[in-house]
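Please open the structure in the viewer and keep the selection tool at hand.

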Amino acid sequence: MSNVDKIVLDVGGVVFHTKKNTLINSAHPSAFFESLLSNEEDVYFIDRDPNSFAFILNFLRQGNLNMHIYDAYMLDFLLSEAQFFKLQNLQTELMQKRLTDHTFLNESNKKSDTSRKMSKQQNPDNFRIYAK
């Protein structure tokens with residue numbers, strides 16, 4: 001990697017090295033990175049979580065998420081980061097994962113079961129309205 005192509009990012013105090021082409025990629029366009037890199041800097045500072053940025057950067061390098069997301073909280077956090085970085089392709093992939101991955105569907109069902117139980121406890125006569 002030549003020094004001309006090299007970009008140094010300081011994300012939440014953690015330094016990342018990558019190529020400009022990785023951040024400005026026609027396969028995964030991002031208005032955030034296009035705007036950020038429009039000014040020449042030695043180091044670009046981004047005030048975001050460095051752990052989640054590692055996933056963002058890997059997505060830009062590989063072209064897919066290529067990771068297991070363990071719970072809905074992690075998925076929602078990555079989704080908010082994808083929205084911040086204006087990565088529509090990653091947002092779409094995360095939303096698709098939420099809709100198709102049985103792990104998240106099971107978590108939704110657990111929440112629905114809990115809601116039905118709470119509704120039954122609050123008003124047993126109206127339980128049939130909430131039950132599937």
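The expected span of a helix is 1.5 Å times one less than its number of residues. The model on the screen is a predicted one.

**First stop: helix α5**

Select residues 88-100, which form helix α5.

Next, colour the buried residues of α5: Leu90, Gln91, Leu94 and Lys97. Turn the view to look down the axis of α5; the buried residues fall within an arc of 125 degrees, so they line one face of the helix. An α-helix has 3.6 residues a turn, so residues three or four places apart point the same way.

Keep Leu94 selected and display its surroundings. Which residues is Leu94 in contact with, leaving aside its neighbours within four places in sequence? They are Leu65, Ile69, Leu75, Leu78, Leu79 and Ala82.

Side chains of opposite charge can pair when their charged atoms come close. How many salt bridges does the structure hold? It holds 2.

For one of them, select Arg98 and Asp76, whose side chains meet at 2.4 Å, N to O. This pair links distant parts of the chain, since Arg98 belongs to helix α5 and Asp76 to helix α4, 22 residues apart. Arg98 is partly exposed, with a relative accessible area of 21%, and Asp76 is also partly exposed, at 38%.

For the other, select Glu81 and Arg48, which form a salt bridge of 2.6 Å, N to O. Glu81 lies in helix α4 (residues 72-84), whereas Arg48 lies in the loop between β3 (44-46) and α3 (50-62), so the pair ties together parts that are 33 residues apart in sequence. Is Glu81 buried or exposed? Glu81 is buried, with a relative accessible area of 3%, because a residue under 20% counts as buried.

Note on methods. Residues numbered from 1 in each chain as written. Predicted model: local features only at pLDDT ≥ 70, side-chain atom pairs only at ≥ 80, totals over all residues. Heavy atoms only, no water. Helix = DSSP H or I, 4+ residues; strand = E, 2+ residues; numbered from the N terminus. Buried < 20%, exposed > 50% of the residue type's maximum accessible area, 1.4 Å probe, protein only. Arc of directions from axis to C-beta. Salt bridge = Lys/Arg side-chain N within 4 Å of Asp/Glu carboxyl O. Contact = heavy atoms within 4.5 Å.
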